[in-house]
Amino acid sequence: MLRQLEYLVALARERHFARAAAACFVSQPSLSAGIRKLEAELGVPVIRRGNRYQGLTPEGEHVLVWAHRMLAERDALVQELASLRGELTGTLRLGAIPTALTVTSLLSAPFCERHPDAKVSLESLSSRDISRRLADFEIDAALTYLDDDALRDMHRLPLYEERYVLLTPSDGPHGTRAEVRWSQAAALPLCLLAPRMRNRRILDENFAADGAQATPAVESDTVAGLYAHLATGRWSSVISHSWLHMFGTPPGMRVVRLAGPARGPRVGLAVVAQNPQPPMVRALFAVAREAGVRGALDALLHTHLG
């Protein structure tokens, strides 16, 4: 039955019979026959019949939840047996919110060094997608904001708190200052993340707390997009200190401390609460506890602040 469950998961993900069959490395007739066999064994229809894929039946939606869980348990068993031989094999499926992608190498690099037979698959996901993908066992762990209500029942490991600084041209109005207020930063030509992103909403709250409202000239849905514009020297931005780990300070720019709250929300690892945890998750948490992410980022910020 596990193979048929793999077919169902692939079909629900791809929403197309041919693509699902290709993802499972089988022919389309084989995949369709497997789905029919699953329906016969369970005694319920799991897909809506038609010339094309039309979605799952209500029963199929329930089966899909169990399919994710059972396949995750299968993978965990395989990992557990490998760990008994002193090995860790397979792929760690790690999701990360876009603003935390910049620090994932602080975890993935030591993880791969310690477990050379394991691989890491990294995806950029919204916090909403992370909650769903964790619950559906589609990812093993996520690097995300830990104060999300959807993560209340998850096992969480805090790694650092976001700190916000102004990244501004050295020859700009605040280029020689040691510290500026949020309201002063709001008056600059800014590029910020898009309003739909959690980071931007946090920044808007901080601007408002200082009696200001930011009206950026440029908005982006990626950190890389922001830095591409900052490199021109025309704009400033309020950034999380964790971004300095990957992008640093563009030429002609400098980092200026922002007066006000020094720390933002907690960022860390979230996983489904299980007992026992899969070996891959246990290994990741062991690495994360020793990685010293908070200290490394604080030292980096101190260096950039001079």
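Here is a short tour, from the whole chain down to single residues.

This is a predicted model, where local features need pLDDT of at least 70, side-chain atom pairs count only at pLDDT 80 or more, and totals for chains, interfaces and linings use all residues. Residues are numbered from 1 along each chain as its sequence is written, and side-chain values use heavy atoms, with hydrogens and water left out.

**Stop 1: the whole chain**

Start with everything shown as cartoon. You have 12 helices and 11 strands to look at; these are DSSP runs (H or I of at least four residues for helices, E of at least two for strands), numbered from the N terminus. Along the principal axes, the C-alpha atoms fill a box of roughly 70 × 45 × 30 Å.

Now colour by accessibility. Of the 306 residues, 48% count as buried, meaning under 20% relative accessible area, while exposed is over 50% and partly exposed lies in between (1.4 Å probe, protein chains only).

**Stop 2: the nonpolar patch**

Select Met1, Leu2, Leu42, Val65, Trp66 and Met70. Together they make a nonpolar surface patch with about 530 Å² of accessible area. To join such a patch, residues need over 30% relative accessible area and no salt bridge, with nonpolar side chains (Val, Leu, Ile, Met, Phe, Trp, Tyr) joined within 5 Å; a salt bridge here is a side-chain nitrogen of Lys or Arg within 4 Å of a carboxyl oxygen of Asp or Glu. Helix H4 (residues 58-84) gives the largest share, 3 residues. Zoom in on Met70, which sits in H4 and is partly exposed at 36% relative accessibility.

**Stop 3: two positive phi values**

Which loop holds Arg15? Go to the one between helix H1 (2-14) and helix H2 (17-23). Arg15 isn't a glycine, yet its phi is positive, near 55°, and the residue is exposed at 52% relative accessible area.

Then move along to Phe25, in the loop between H2 and helix H3 (28-42). Phi is positive for this non-glycine too, near 60°, and Phe25 is exposed, with a relative accessible area of 76%.

**Stop 4: a cis peptide**

Finish at Asn275 and Pro276, joined by a cis peptide bond with omega of about 0°. Pro276 lies in the loop between strand S11 (266-272) and helix H11 (279-291).

How values were computed. Patch = residues over 30% accessible without salt bridge, like charges linked within 9 Å, V, L, I, M, F, W, Y side chains within 5 Å. Areas by Shrake-Rupley, 256 points an atom, 1.4 Å probe, with all protein chains shown as cover.
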